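Hi,

Here is the structure I said I would pass on. Have a look at it, and my notes follow below.

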Amino acid sequence: MQLTRYTDYGIRILMYLAVQPERDALFRIAEVTNVFDLSSNHVAKIIHQLGKLGYLKTIRGKSGGFKLAIPVKDIQIGLLVRQLEHSLIAVNCEEPFCRFTPVCNLKGVLGKAVAAYLAVLDLYSLADIVNNKSELISTLPDLSISVFDMS
């Protein structure tokens, strides 16, 4: 099973926020787009969704931004994936319609595989996947010369 880019980027954004030394600092979309080389439009959609789901607190306006709304230990990866993925169906037997569908066992087997995949993800929180915080931080670009301070 492969996650969509949307979910992948959503998890990366949460990881990025989770390793930051200042928990109450507000971050901007431009920072995330620079760190991960992503489209600002795509990141904005993900930030909006993560805010609607309660993972982020978002503040609009000139001095606005976003930050984690809940502790990293409370962000369950399995639930996050279920909320961000549009479909967790392993195979679509309807488009185009497969003649085997009425008697096929493959869909059931793949359904069990997806359930097992999600069961593993359910064992982990965001805290578990960022427990090597210093190593993760060392991979990030130096943003001390901020894209916002270009005066």
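Let me start with the pocket. The largest pocket is lined by 13 residues, and Ile29, Ile47, Thr58, Ile59 and Arg60 lie nearest its centre. (On a 1 Å grid over the protein atoms alone, a pocket is an open set of points where a 1.4 Å probe fits, with protein on both sides within 12 Å along at least five of seven lines; lining residues have an atom within 4 Å of a point.) Its volume is about 240 Å³, taken as the space filled by probe spheres set on the points, which are joined across faces, edges and corners. By class, the lining has six nonpolar, five polar and two charged residues (Ala, Val, Leu, Ile, Met, Phe, Trp, Tyr, Cys and Pro count as nonpolar, Asp, Glu, Lys and Arg as charged, the others, Gly among them, as polar). The largest share of that lining, three residues, comes from α3, while α3, β1 (56–59) and β2 each supply at least two. Helices (H or I, at least four residues) and strands (E, at least two) are DSSP runs numbered from the N terminus.

Before going on: this is a predicted model, where local features need pLDDT of at least 70 and side-chain atom pairs count only at pLDDT 80 or more, but totals for chains, interfaces and linings use all residues. Residues are numbered from 1 along each chain as its sequence is written, and side-chain values use heavy atoms, leaving out hydrogens and water.

Now the core. Leu50 is in contact (heavy atoms within 4.5 Å) with Gly10, Ile13, Leu14, Tyr55, Leu56, Leu80 and Leu84, leaving aside neighbours within four places in sequence.

As for α1, 10 of its 14 residues are buried, so this helix is largely enclosed by the rest of the structure. Buried means under 20% relative accessible area (1.4 Å probe, protein chains only), exposed over 50%, partly exposed in between. The buried ones include Tyr6, Gly10 and Leu14.

Finally, Leu121 lies in α5 and counts as buried, because its relative accessibility is 17%. Leu121 and Gly78 are 43 residues apart in sequence but 4.5 Å apart in space, C-alpha to C-alpha.

Cheers
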